[in-house]
Amino acid sequence: MITVAGFNTAIDHLFTVDALVPGAVQRAARDEIYPGGKGLHVAQTVAALGERVQLVGLVDAAHRNLVARRMAGRGVLFHGIEIEQPLRRCIAVRERDGRVTEILGSGPELALAEREELLRAWWRCAEESTLLVLSGSLPRGFDADVYAWMVRRAAGRPCLVDASGEALRHVAGSGAFLLKPNRDEAAELAGRPVRTPQDAAAVARALHAQGIVLPVVTLGAEGAVGFDGRDLWHASLTLERSVNPVGSGDCLLAGLAVALERGEPLADALRLGVACGGANAMDEETGYARREQVDALLGEVSLRGLDA
């Protein structure tokens, strides 16, 4: 069983327009609403790949049924902690040329009792799991070191973490099994730009030296670089078309989690992860990789070793 901590559940609004014009009034050609948040994206893609998964996150009264129905339909066991305040809202505007502009809501500030209930629910699930994923921003009210605390609490169970900002800095020194910064996050950690796979490899080596067993640096359309202490791998995929790349990093993390849960080596995990990220980008929905699309792309992923 894989347990995903996706504490900052969101309601995603995707608008499709011909071209975004700042300051103008525009009508969307399409307007769609999805339950979202990075952890939710990870969980539903893990389920799509056939692994048992449960998700711990927030829910409010207005969206309780929407989130519960979507997760049940996707095969995810959802443990929703209901809060009085509304869930955060995130807006994505997709233009005809494929460009996407995102506006991410900060979300509610949780009371102490709500934070404690989330952590209790997570620990109950963690105790019956073999692999844990901690993904996404933390709701306001949590200290930035809570992911690092969760990694230490889960000692003996591999933790895969996707965080940013101060939370990422704390986790980098926590001994997490896998850490997945993107290009910008890796640059912030390193204090220098990450422009090439070789730059990403340098960050991965540094994170491994800090105690991260499998650091993976994602590079958007250029794929991902991972290091297992011996071999450096760069996995990439050329897509014929990209419809909506938002959430591709979440789907990549889901692929990594599934492969590692199955005992596969880093190279194969990267291959599956990149195929999942590509499958998400080819679909209109944010943060969901369909199994049949992943299978179709898996053989197209290019995998090459880098000089360690």
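When I say helix or strand, I mean a DSSP run, H or I of at least four residues for helices and E of at least two for strands, numbered from the N terminus. Keep in mind that this is a predicted model, where local features need pLDDT of at least 70, side-chain atom pairs count only at pLDDT 80 or more, and totals for chains, interfaces and linings use all residues. Residues are numbered from 1 along each chain as its sequence is written, and side-chain values use heavy atoms, with hydrogens and water left out.

Okay, helix α2, residues 64-74. Which residues of α2 are buried? They're V67, M71 and R74, where buried means under 20% relative accessible area, exposed over 50% and partly exposed in between, using a 1.4 Å probe and protein chains only. Looking down the axis of α2, those buried residues fall within an arc of 65°, so they line one face of the helix; the arc is that of the directions from the helix axis to the C-beta atoms. On the other side, R69, A72 and G73 are exposed. The cover over the buried residues includes β3, α1, β4 and β5.

Now to α1, residues 38-48, which is where Q44 sits. Q44 is buried, at 1% relative accessible area. Its contacts, meaning heavy atoms within 4.5 Å, include M71 and R74, plus G287 and Y288, leaving aside neighbours within four places in sequence. And the Q44 side chain reaches the backbone oxygen of G287 at 2.8 Å.

Notes: A polar contact is a pair of N or O atoms within 3.5 Å; within protein, one must be able to donate a hydrogen and the other to accept it, and residues adjacent in sequence count only if both atoms are side-chain atoms.
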